[in-house]
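Please read the following report alongside the sequence and the coordinates. It starts from a single residue and then turns to the chains around it.

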Amino acid sequence: MAEKGSGKRFSHTKGKGSGKVMSKPSPESLDPSSPAPHIPHIKCQDNADALPKYYSALTRSANSELPPDDLEPIQSELEALLSTVALRYRVLKSELESSDSRRTKHLDRAPISPDKRRRGAPSSSGKPRKFSSGNSPLNHPPNKISKLKTSSVSPAPSQHTDDSSDVSLHNPKNLYHRNDTPNKFWLSIEPYTVPITQEDIRLLDGLLEEYSGTLAPQIPELGPHYTTQWGIEEHKEEQDVGHPQIKGKKTSNFQQNGDVMRVLRNSKKMGDGITGPFTQRLVSALMEENMIGDGHSTATATTTSTENSNSSLENIPNNTNMVHTRSAANLLKNGIAAERRIRKELIEQGILEAKDAVPSGERQDDVDEVLMEIQRVRSDLMAIAESNTSQLATLKEVALNEIKRLEIKKKLDDVDHEIIEHHKRIQLAKQKGRSLPKSERDEILRLTEKQKKLSHELDCLNVPGYTLSFLT
Amino acid sequence: MQGQTKIQERLRGIQSLIHDIEEVRSAGEVTIGKLSHSPNQTDIIKQAMQEAEKEERLIRQALAKIHEIHSIRNESRIQARNSGQKEMLRKGQLMKILQISASTLPLFISKPGEKIPPLVGCIPASPDYTAKPGDMVAALTKVSAMDKGGSDEENWIMAEVISYAHHTQKYEVHDIDEEQKPRHILSKRRIIPLPLFRANPETDAHALFPKGTVVMALYPQTTCFYKAIINELPATAKQDYEVLFEDSTYSNGYSDPMYVAQRYVISIKQKKSS
């Protein structure tokens, strides 16, 4: 609403101010007897109407102070005055220049032009000269013509940057906007619209070659770091952490002899490492048995071979007192094997079911998770690479077609050019009143036939932009 | 109060300049009258041009004084705010101030052949330009979730620059609509300076947005900028743009024509192409 208000105020100014004054001369100028100049001007006698605050400021003495409240309207009135005077200057300048140029032209051509006109050659170029023969440069008609001229010539790109169009500035609405934005836009678009070349095809070939091999990287086998070294490190850690845990538990939880399943189920609470929960459980179960039993020092019997450890496992369910302890060094070496073997054994014995046994090996789960993720990402990559390959192939096909199309287009351009040349020659011949030799006529016929053929060919080929469905 | 005496000084200057202008105008009128009777005389045209130049110079001087008054007032306002005085404005007052500051924004009238500088009309600021404290800008701010029911929305609001930190390239701006969070620290990318001059359609029409341009315009009676299309250009310096706001509640997707002052129509910020 506020903006509308200012709009209203403007229309008031326009109606009674510059607008009125500017439009006023035109009806007068239609009367050829009193040619009035089309000069933007707010008459002093219109001050009270057009510039009320300015007018009231004039009634006060020059030494007084402008009322601060009048500042805003005074500004807009002064701006209207400034705009008018700036326009007036431009119009005057253009009039001066045009009258100057007309005079020099007139001087140059003075001896020739009257003769020519008398001969009665009403060519279009004669028209502006007609006005120069004494009519006022400030008249309406010359202005009109100069206006028309600028508008008809303006498609030339130089017009947008050429300041010479200021000459006809008296009606700015007819001026072409010297706006740089379209140029910038087209410049940014250009790389995408230039005709494709063999270079582009080569680039596509290169890309296709890149995609011809394996589409996604292979997943390597686990290296020694993860298979052995990691395990050893974990085992060492466990030696520090795992033992106190066992000690703490043996007095409270594991009172019952032979409750192997329960011990096994508690496996997750125990430290896990290279020897694995099963091995841990086995050791702790055996140790507890010793504590609860009558204190036989059977634990001193040692076997180090893996075969023996195997046989000892068979005895677990039966609560036999055969206890085997291993040296830490041995465990270290055969840790994984022992764990695996115990699991296998437990499953074979029917104590542990296969599906229970697998998740209890937490480390294995870890590996699986990472591997699964890798595999998932890899399959995604494969899919993307595949679609890229197919798009590249399509693109190449389209590009090859486009190259063909461009070739035809180039031929057509050449033919067009030749035809234009011939056309010029015909024009010239017509002007001189000569008839065309037959060979020339045949040549023209041949060219037009060729042109038809080529344009038909061009029509048959699809414009690639419309067929590229993947671009949309 | 020093500002007040400065203003009075300028008001007196304007008053006497107006008398000078009138003198030149009435002298010029004689020449123009001569010109209408004998239009082809180059010496009269030259005289009229000289007079026009003189008149133009005087009017520019008077306008410069008016703009000085505006900036003196603006400075004292900034000082008052920095010293802690809070301006409490009702919505209506705020809108009135916005309207006045748009219509009193200096008018740029080029000299023949002069290149239009940045921040006149539709000419954007150069990339290294930084707005000065007290300048008005459009600022892209996040609307807090509380206000707009959950989703984090971003809005171009009208704000005033408080300071600019060169090392961080960040502005501190002040939301002119006091109801919301008043201060924001925003990166330079989220700031568009508003034009510092209006373009004069009568002499510099090419410094206006062409019809059909997609712009950001201040929605009437709000302090937010929204996407709009230029429907009609102002024909004179006092007129506003007629724009159509993008509005999905209308069947054709655009609002009815609305009028927005030149000062509050800015080019749309280029989004980085993804």
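## A residue facing the other chain

Leaving aside residues up to four places away in sequence, Gln15(B) touches Ala57(A), Arg60(A), Ala62(A), Ser64(A), Glu65(A) and Leu66(A). Gln15(B) itself belongs to helix 1 of chain B, and it counts as buried because 23 C-beta neighbours lie inside 10 Å, where 20 or more are required. Within its own chain, Gln15(B) is 47 residues away in sequence from Ala62(B), yet the two C-alpha atoms are 8.5 Å apart in space.

How do the axes of helix 5 of chain A and helix 1 of chain B, the latter spanning residues 2–37, cross, and within what distance do they come? The two axes cross at roughly 100 degrees and come within 9 Å. Helix 5 of chain A is therefore roughly perpendicular to helix 1 of chain B, since angles of 65 to 115 degrees are classed in that way.

On the chain A side of this crossing, Tyr54(A), Ala57(A) and Leu58(A) of helix 5 meet Gln15(B), Ile18(B), His19(B) and Glu22(B) of helix 1 of chain B. Sorted by class, the residues of this contact between helix 5 of chain A and helix 1 of chain B comprise four nonpolar, two polar and one charged.

## The interface as a whole

Taken over both chains, 58 residues of chain A are in contact with 57 residues of chain B. On the side of chain A that touches chain B, at least two residues are supplied by each of helix 1 (2–16), helix 5 (52–59) and helix 6 (71–109) of chain A. Helix 6 of chain A gives the most to that side, with 21 residues. The side of chain A that touches chain B divides by class into 29 nonpolar, twelve polar and 17 charged residues.

## Strands and hairpins of chain B

Chain B contains three helices and twelve strands, and 37% of its 274 residues count as buried. Among the contacts in chain B with a separation of 6 or more, 55% are between residues 24 or more positions apart.

Strand 3 (residues 153–165) and strand 4 (residues 170–175) of chain B run antiparallel and are joined by six bridges, with Lys170(B) in strand 4 as the bridge partner of Ala165(B). Four residues lie between the strands of this hairpin, where Gln169(B) takes a positive phi near 55 degrees. Strand 4 of chain B also pairs in the antiparallel sense with strand 5 (residues 183–187) of chain B, over five bridges, and here the bridge partner of His174(B) is Arg183(B) in strand 5.

Further along chain B, strand 9 (residues 224–232) and strand 10 (residues 241–245) run antiparallel and are joined by four bridges, while strand 10 is joined to strand 11 (residues 258–260), again antiparallel, by three bridges. Val243(B) takes part in both pairings, as the bridge partner of Ile230(B) and with Met258(B) in strand 11 as its own bridge partner.

## Confidence in chain A

Chain A averages a pLDDT of 65, and 51% of its residues score at least 70. Over residues 263–273 of chain A the pLDDT stays under 50, although the model has 28 contacts beyond four places in sequence for this stretch. Residues 359–365 of chain A likewise have a pLDDT below 50, and in the model this stretch has five contacts beyond near neighbours in sequence. Where pLDDT is low, the predicted coordinates should not be read in detail.

Methods: Residues are numbered from 1 along each chain as its sequence is written. Chains are lettered from A and ligands numbered from 1 in the order in which they are written. This is a predicted model: local features need pLDDT of at least 70, side-chain atom pairs count only at pLDDT 80 or more; totals for chains, interfaces and linings use all residues. A residue is buried if 20 or more other C-beta atoms lie within 10 Å of its own, exposed if 12 or fewer, and partly exposed in between; C-beta atoms are placed from the backbone. Two residues are in contact if their C-beta atoms, placed from the backbone, lie within 7 Å. Two strands pair if DSSP finds at least two bridges between them. pLDDT is the predictor's confidence in each residue, from 0 to 100. Ala, Val, Leu, Ile, Met, Phe, Trp, Tyr, Cys and Pro count as nonpolar, Asp, Glu, Lys and Arg as charged, and the others, Gly among them, as polar. Axes are lines fitted to C-alpha atoms, for helices over the stretch in contact, and angles run from 0 to 180 degrees between N-to-C directions. Angles under 35 degrees count as roughly parallel, over 145 as roughly antiparallel, 65 to 115 as roughly perpendicular and the rest as oblique.
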